[in-house]
Amino acid sequence: MLNASLTTDPGAVVAPVHRRTFGSFVEHMGRCVYTGLYEPDHPTADADGFRRDVADLVRELGVTTVRYPGGNFVSGYRWEDGVGPKADRPVRRELAWHSLETNQFGLNEFMTWCRRLGIEPMMAVNLGTRGLQEALDLLEYANHPGGTRLSDLRAAHGHPEPHDIRMWCLGNEMDGPWQIGHLDARSYGRKAARVARAMRMADRDLELVVCGSSGSSMPTFGSWEATVLEETYDAVSHISLHAYYEEHDGDLASFLGSVTDMDHFIDSVVATADAVGARLRDPKRIQLSFDEWNVWYLSRFQEQAAVQPTDDWRVAPRVIEDRYNVADAVVVGNMLISLLRHGDRVTAASQAQLANVIAPIMTEPGGPAWRQTIFHPFALTARSAVGRVVRADVTAPVQDTARYGEVPVVDAALTHDPDCGTAALFIVNRSVDQPVTLGADLRGLRAEKVTEALTLSDPDTYATNTADQPDRVTPSANEDVRLEDGRLTAVLPPVSWSVVTLSTDRG
Ligand code: AHR
């Protein structure tokens, strides 16, 4: 048994808990849209063809924003194909994922679905095969109240009210050689700046997200951000970050330590953005939109893609339908801890993706929908993290990892809502084999009572949920959590994620 401690200074407020931290991502990729969100023939489908069973799970997940329609998909997308009478919509070849796009689901279906679920949309424009004019047309169609050709067209398509989309991504992963229309940093920065300035001529309050690096291991990481921000600093509010982690070659310790990279990635982008701001003598602070993050067994996908035939164009093929285990859920929970801890600069995030494609929600066509293991830390964090993030300093033994050196076995984030008198502590034990007893001094919060203590762990680290056993892995009550005189003690099993919610004195 290892021992760790946590102290907090409730006066040291890191940031408000941004509701946009709990965003997700819907791409026209594989079965995310078709047979995920949308399946008109499904027994639970509503009049619009949306699966009610999936919608219920999305509500339970607590998703606040959804980025749409890609992803790599957006870099070849013609938004006009997806609006108007469905019978007239063209079927197109989709190059990013090598499939057929029927366009039966498009902007208006997406907006109807979002509004029904109380979700804020986050729209991406195509800066791969397209550019300024198409972005302006889309903005006019989506947001202009009426009396212009494209806003009247929207009304004629059954949507008289403007969609009023506030957040827009200026393309996707334009640093990646795999991206349709990939550009070098200077060319992309100039293109994005032109688009951003023109979009803001239509609506100066739009929040615009410029593409950062597709990952911290990109060869251009750092210089890409600096160059792109030099060109766009005045016109954008956010820069994006994307990160996916996986367990490589059975190296569980490194995998569990993945947030070491995520923390460093965030800190580096903040430093780079602020350095550009200083050079430009601009007091504005660029915010970070971590708009793709998750566990993704990318190397398996790359191996399969290398041997895949290129002549089988299919509608909604099964692509990257990763089945998540207990360790994956712990890493996802830890990534949420990192996002909360960086709330002073990371003000939006989107887990990639929402259904079927590296997703917390799985479905079968015509069949059930169920929660993957990673569903649980997301749903519980989205539900329990309220108020503000306060500093939580952890002292813990370290675990040696091949990728990141020594990594503390415990990581945590703490939120507090003094007005409601609630607090939530999110904790991971990243030890591959040792339980940890955590002692947390919460007297500063005037913690009174543990209201709930849940832990996700399993003797089988690789256990998964399936259609037949959808609840094989779920969080359960942790009976080894106690609070006495504001001091909390919790026993945390190895490879575990936990949440402890507390009531606190409001006086
Ligand atoms: O989420 C899957 C893919 O990962 C997205 O399309 C792309 O942006 C990223 O590389």
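**Reading salt bridges**

Mentor: Asp291 and Arg67 are both buried, where buried means under 20% relative accessible area, exposed over 50% and partly exposed in between (1.4 Å probe, protein chains only). This is a predicted model, in which local features need pLDDT of at least 70, side-chain atom pairs count only at pLDDT 80 or more, and totals for chains, interfaces and linings use all residues. Residues are numbered from 1 along each chain as its sequence is written, and side-chain values use heavy atoms, with hydrogens and water left out.

Trainee: What does Asp291 form with Arg67?

Mentor: Side chains of opposite charge can pair when their charged atoms come close. Asp291 and Arg67 form a salt bridge, with their closest N and O atoms 3.9 Å apart; the term requires a side-chain nitrogen of Lys or Arg within 4 Å of a carboxyl oxygen of Asp or Glu. Asp291 belongs to strand S10 and Arg67 to strand S3, so the pair ties together parts 224 residues apart in sequence. Helices (H or I, at least four residues) and strands (E, at least two) are DSSP runs, numbered from the N terminus.

Trainee: How far apart are the closest N and O atoms of Asp411 and Arg341?

Mentor: In that salt bridge they are 2.7 Å apart. Asp411 counts as buried at 9% relative accessibility, whereas Arg341 is partly exposed at 24%.

Trainee: Which residues are linked in a network of salt bridges?

Mentor: Arg186, Arg190, Glu230, Glu231 and Arg279 are linked in this way. Within the whole structure, a search finds 35 salt bridges.
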